[in-house]
Amino acid sequence: MQISLKPAIFDACGVEAIGGVPYNPPAWRDEPNISGMHKTMQRHEPAAPAMPTAPRRPGIHRLLLVQLGIVVAVTTVLAFETDNAVALSALMGGMTGVLPNAYFAWRAFLFRGARFRRQMISSLYRAQAGKHFLTILLFTGIFITSPPQAPEWFFGTFALVQSVYWLSPWLISRSGSL
């Protein structure tokens, strides 16, 4: 005798289902035919077993939208209040913070669910390493090709974008809507 640890699934008649899918026997009903009335067999297909819904992705897009909004707001205000060189420095600093974060959000959440836990961990490590590499690459490229005219606004906007992470418990929560 074999003991199974899986719970048995029974159909409406109390017969144990094979393989976890309830057995649905064919039903008899009257159906008109050319030659008159007779009983024909009609099969009722069993309903598909209920599948759990896929886990939702975290609301990381809200965090990225707030970061991008800060960059646009600071750049717009500086473009109207000061010269365009200062606004361009702030734009470059803000985008140096936003672009690696967007890469991380895209790369880190490629896999979902308990089946893919190894891939999820690997994806998180690769995303974090790629984010750091991309940040270093952007800083190096900006300072080599065209150094910012206003480095205080460059680093200030970069720091402001990074400080949005303090708001992440409220921005990433599933109850919020945006």
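The following dialogue explains how to read several features of this predicted model.

Visitor: On what basis should the values be read?

Guide: This is a predicted model, in which local features need pLDDT of at least 70 and side-chain atom pairs count only at pLDDT 80 or more, while totals for chains, interfaces and linings use all residues. Residues are numbered from 1 along each chain as its sequence is written, and side-chain values use heavy atoms, with hydrogens and water left out.

Visitor: How many helices and strands does the protein have?

Guide: Helices (H or I, at least four residues) and strands (E, at least two) are DSSP runs, numbered from the N terminus. Here the secondary structure comprises five helices and two strands, and their order along the sequence is β-β-α-α-α-α-α.

Visitor: What span should helix H1 have, and what are its end C-alpha atoms apart?

Guide: The expected span of a helix is 1.5 Å times one less than its number of residues. Helix H1 (residues 60-81) has 22 residues and should therefore span 32 Å; its end C-alpha atoms are 32 Å apart, which agrees. Helix H3 (residues 117-145) has 29 residues and reaches 41 Å from its first C-alpha to its last, close to the 42 Å expected.

Visitor: Which residues of H1 are buried?

Guide: Buried means under 20% relative accessible area, exposed over 50%, and partly exposed in between (1.4 Å probe, protein chains only). In H1 the buried residues are Ile60, Arg62, Leu63, Leu64, Gln67, Val71, Val74, Thr75 and Leu78. An α-helix has 3.6 residues a turn, so residues three or four places apart point the same way. For the protein, buried residues make up 25% of the 178 residues.

Visitor: Which residues make up the largest nonpolar core?

Guide: A nonpolar core is a set of buried Ala, Val, Leu, Ile, Met, Phe, Trp, Tyr and Cys residues joined through side-chain atoms within 4.5 Å. The largest one has six residues: Val74, Leu78, Val86, Ala87, Ala90 and Ala150. H1 and helix H2 (84-108) are the elements that give two or more residues to this core, and the largest share, three residues, comes from H2.

Visitor: What does Val86 touch, apart from residues up to four places away in sequence?

Guide: Contact means heavy atoms within 4.5 Å. With those residues not counted, Val86 touches Leu78, Ala150 and Trp153. Across the protein, among contacts between residues at least 6 apart in sequence, 59% join residues at least 24 apart.

Visitor: Where is Val98, and is that residue buried or exposed?

Guide: Val98 is in helix H2 and is buried, with a relative accessible area of 6%. Not counting residues up to four places away in sequence, Val98 touches Gln67, Leu68, Val71 and Val161. The C-alpha atoms of Val98 and Val71 are separated by 8.5 Å, although these residues are 27 residues apart along the chain.

Visitor: Against which helices do the buried residues of H3 pack?

Guide: They pack against H2 and helix H4 (151-162). The buried residues of H3 are Ser123, Ala127, Gly130, Lys131, Thr135, Phe139 and Ile142. Arg107, found in helix H2, is in contact with Ser123, Arg126 and Ala127, leaving aside its neighbours within four places in sequence. Arg107 is partly exposed, with a relative accessible area of 21%.

Visitor: Which residues form a nonpolar patch on the surface?

Guide: Patches are made of residues with over 30% relative accessible area and no salt bridge; like charges are joined within 9 Å, and nonpolar side chains (Val, Leu, Ile, Met, Phe, Trp, Tyr) within 5 Å. A salt bridge is a side-chain nitrogen of Lys or Arg within 4 Å of a carboxyl oxygen of Asp or Glu. Accessible areas come from the Shrake-Rupley method with a 1.4 Å probe; for residues, only the protein chains shown count as cover. Ile121, Leu124 and Tyr125 form a nonpolar patch with about 320 Å² of accessible area together. Ile121 is partly exposed, at 46% relative accessible area.
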